Amino acid sequence: MALTSDKLYLVASRLGPVAQKLGMRSVIELMSALRTNPKEATISAVIEAMVTHESLFFRDDRPFDYLEKTLLPALIAARGGRRPIRIWSAACSSGQEAYSIAMLIAERFPGWHWEIVGTDISAPIVTKASAGVFSAFEVKRGLSPERMARHFRRLDEQNYIVSDSIRKMVRFDTHNLLESALRLGVFDIIFCRNVLIYFDTPTKGRVLDLLARQMTPDGALFLGSADTVHGVSNKFVLAGNERGVFKPVSDVAKVA
Ligand SMILES: C[S@@+](CC[C@H](N)C(=O)[O-])C[C@H]1O[C@@H](n2cnc3c(N)ncnc32)[C@H](O)[C@@H]1O
């Protein structure tokens with residue numbers, strides 16, 4: 001994360017309680033423990049304190065419109081059913097993005113073979129995503145009453161759960177975007193939205209270069225509305241006129 005000096009208050013306010021909980025006297029002591037003796041539990045507590053998990057269903061509408069009307073029909077025609085179409089929600093938070101994609105596919109393209117993978121650096125949020133349980137407040141953010149009725153059922157007074165058929169379409173795993181994800185395989189579509197904003201430019205470039213290795217040549221990358229590849233990575237170009245959607249540059253073009 002890009003933590004410039006104007007974000008010092010953020011470090012102090014978020015990591016102070018973590019240091020205290022771990023029985024340390026200060027954030028400085030916590031930092032030094034991370035450097036000299038990085039224990040899994042300490043790393044995880046620090047990540048959890050620093051990340052923002054804000055997400056909602058069908059966030060920004062437009063990418064899902066493009067997916068439904070342009071990208072998926074084109075990919076289905078190109079693949080001709082020879083292999084599943086693979087979609088990755090990278091930095092998926094509690095799974096709203098991955099489940100939105102699954103709902104759209106179940107409604108508009110049933111019967112096709114899909115693989116949807118959601119990943120996030122935070123293990124607790126990945127556990128929440130896999131459970132598919134959302135509060136009444138969360139389901140109201142981005143879902144129409146029709147979608148709620150079709151794809152969710154009431155779990156208890158406060159919570160709803162995603163239907164089994166939608167849950168089966170998505171699998172979740174932990175993954176840090178700064179590491180290789182080759183174990184996840186190659187994807188036709190990657191969503192990596194509202195996470196690059198937290199990184200400095202070289203880190204954004206590193207993440208984008210890693211994502212480029214995981215994409216089919218005719219694949220598409222969706223970034224957040226505040227993100228661009230311009231001046232960050234030469235591995236992607238804008239896909240036509242669609243804002244926020246990028247396609248990988250072929251190796252020949254990259255060399256040129
Ligand atoms: C603001 S949420 C965005 C969720 C979703 N993509 C969306 O647009 O609604 C950002 C997510 O990025 C995750 N994240 C932050 N740094 C990460 C990293 N290095 N690797 C993977 N995920 C990361 C956070 O845990 C958080 O859940």
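## The largest pocket

The residues that line the largest pocket divide into 22 nonpolar, seven polar and six charged, where Ala, Val, Leu, Ile, Met, Phe, Trp, Tyr, Cys and Pro count as nonpolar, Asp, Glu, Lys and Arg as charged, and the others, Gly among them, as polar. This is a predicted model, in which local features need pLDDT of at least 70 and side-chain atom pairs count only at pLDDT 80 or more, while totals for chains, interfaces and linings use all residues. Residues are numbered from 1 along each chain as its sequence is written, and side-chain values use heavy atoms, with hydrogens and water left out.

The pocket holds about 990 Å³ of space, and of its 35 lining residues, Met-1, Ile-47, Val-51, Ile-121 and Phe-199 lie nearest its centre. Two or more lining residues come from each of helix H1 (8-21), H2 and helix H3 (40-50), with H3 giving the largest share, four residues; helices (H or I, at least four residues) and strands (E, at least two) are DSSP runs, numbered from the N terminus. On a 1 Å grid over the protein atoms alone, a pocket is an open set of points with protein on both sides within 12 Å along at least five of seven lines, a cavity is a set where a 1.4 Å probe fits but cannot get out, and lining residues have an atom within 4 Å of a point. Grid points are joined across faces, edges and corners, and a volume is the space filled by probe spheres set on the points.

## The cavity

A search of the whole structure finds one cavity of 30 Å³ or more, and the largest cavity contains about 30 Å³ of space. Its lining is made up of Trp-88, His-175, Leu-177, Glu-179, Ala-181, Leu-210, Leu-211 and Gln-214, which by class gives five nonpolar, two polar and one charged residues.

## Nonpolar cores

A nonpolar core is a set of buried Ala, Val, Leu, Ile, Met, Phe, Trp, Tyr and Cys residues joined through side-chain atoms within 4.5 Å, and buried means under 20% relative accessible area, exposed over 50%, and partly exposed in between (1.4 Å probe, protein chains only). The largest core has 40 residues, of which Leu-67, Ile-87, Tyr-99, Phe-152, Ile-189 and Phe-222 touch the most other members. A second, separate core of 22 residues includes Leu-177, Val-207, Met-215 and Phe-246; Leu-177 also lines the largest cavity.

Gln-96 belongs to helix H5 (residues 96-108) and is buried, with a relative accessible area of 3%. Its side chain makes a polar contact (a pair of N or O atoms within 3.5 Å; within protein, one must be able to donate a hydrogen and the other to accept it, and residues adjacent in sequence count only if both atoms are side-chain atoms) with the side chain of Ser-94, at 3.0 Å. Leaving aside neighbours within four places in sequence, Gln-96 is in contact (heavy atoms within 4.5 Å) with Ser-55, Leu-56, Phe-57, Phe-134 and Glu-138.

Leu-34, in helix H2 (residues 27-36), is partly exposed, with a relative accessible area of 22%. Not counting residues up to four places away in sequence, Leu-34 touches Thr-42, Ile-43 and Val-46.

## Positive phi values in a loop

Most residues other than glycine have a negative phi. In the loop between H3 and helix H4 (62-79), however, Phe-58 has a positive phi near 50°, and Asp-60, found in that loop between H3 and H4, has a positive phi near 75°. Phe-58 counts as buried at 7% relative accessibility, whereas Asp-60 counts as partly exposed at 43%.
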